[in-house]
Amino acid sequence: MSSTAVILMAYGSPDRLADVPAYYADIRGGRPVAPEQLDELVARYRRLGVGDGSEPSPLNAITEQTRAALERSLGLAVYTGMRHWQPRIADAVDQALANGAELLIGLVLAPHWSTMSIARYQDLFDAAVAGRVETRFVERWGSEPGFVAFLAERIQGADPHVIFTAHSLPERIREAGDPYEDELLETSRQVADAARVGDWSFAFQSASPTGEPWLGPDIVDHLEQLQAEGVRRVLVCPVGFVSDHLEIRWDLDVEAAGRARELGLELDRIEMPNADAAFVDVLAAVVRRHAPLPSAA
């Protein structure tokens, strides 16, 4: 009988405030963060409930809850592998193989493919496996029917203007023909159609100050445009995210919400999927649909 396991991959978050410098140095390829920027990042994580490590990080706890629920749903071993924190993707692969897995299915907690996101997870996954066992990798699932239906239910009957958002990436990916932007817009259209919402738009968020142009419009600028057009109420649906991490609970709930108040706009956002049972069912369906399990598993 073939033994199948899932490697559930996520970006990762620092476990405690003391981890923030190492975490961001990892993201930046070893380049340190300026002290003033680091102080701001620590303050943000502290506000989101990350402490000295005596209690589990609420951000990583979401990933663990999702992993455990997916494992129960599939009846297969599911291992968490982080791109920028522990346990690393390579650690998860090694653990799965040590436990006898003969087929590994890679699934990233991000729905849309890009050379700067999913492709990098796939490279890390493939390098960790190094041909030792058979693998299957889910490259994209933004148009998975269950995911579309899940988000459509979140905005069903919405009276405010709906803004779909996703993490921005450097604009150069557009020139290179990367499908990221098109996939995001397609998911947004499908969700809006399923929810019968006609008044919607799309904006990016969470761009990094790297000195090069990033995909836009940024949601803060977009809010200003909507206010000038007479919009007074908005509902944000982060179609490119699936959990309450820093980009949601700070970039949207603090920065975008604060700008909306300054503009006299009423801003709400949908509840994120996190480890919601219906969302876990979506992930299980993604595994089965895009990487069908052996009948003996």
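Visitor: Which residue stands opposite Phe204 in S6?

Guide: Strands of a sheet pair through backbone hydrogen bonds, either parallel or antiparallel. Here Ala166 is the residue that stands opposite Phe204 of S6. This is a predicted model, where local features need pLDDT of at least 70, side-chain atom pairs count only at pLDDT 80 or more, and totals for chains, interfaces and linings use all residues. Residues are numbered from 1 along each chain as its sequence is written, and side-chain values use heavy atoms, with hydrogens and water left out.

Visitor: In which sense do strand S5 and S6 pair, and over how many bridges?

Guide: Strand S5 (residues 161–167) pairs with S6 in the parallel sense, over 6 bridges. Two strands pair if DSSP finds at least two bridges between them. Strands (E, at least two residues) and helices (H or I, at least four) are DSSP runs, numbered from the N terminus.

Visitor: What is the strand order of the open sheet?

Guide: The order is S6-S5-S7-S8, 4 strands with parallel pairing. Strand S6 (200–205) and strand S8 (266–269) are the edges, each pairing on one side only. From one strand to the next, the twist averages 30°.

Visitor: Which strands does helix H9 touch?

Guide: Helix H9 (residues 219–228) packs on the sheet and touches S5, S6, strand S7 (233–237) and S8. Contact means heavy atoms within 4.5 Å. The direction of H9 makes about 145° with that of S6. Helix H8 (residues 180–195) lies across S5 and S6, and runs at about 145° to S6.

Visitor: How are helix H6 and helix H12 placed, by axis distance and crossing angle?

Guide: Two packed helices are described by the angle between their axes and the distance between the axes. The axes of H6 (residues 145–155) and H12 (residues 277–290) come within 8 Å and cross at roughly 160°. Axes are lines fitted to C-alpha atoms, for helices over the stretch in contact, and angles run from 0 to 180 degrees between N-to-C directions. H6 and H12 are therefore roughly antiparallel, a word for angles over 145 degrees.

Visitor: Which residues of H6 and H12 make the contact?

Guide: H6 contributes Pro145, Gly146, Phe147 and Phe150, while H12 contributes Ala278, Phe279, Val282 and Arg289.

Visitor: Which residues of H1 meet H2?

Guide: Val20, Pro21, Tyr23 and Tyr24 of H1 meet Leu38, Leu41, Val42 and Tyr45 of H2. The axes of H1 (residues 20–27) and H2 (residues 35–47) come within 10 Å and cross at roughly 115°.

Note on methods
Angles under 35 degrees count as roughly parallel, over 145 as roughly antiparallel, 65 to 115 as roughly perpendicular and the rest as oblique.
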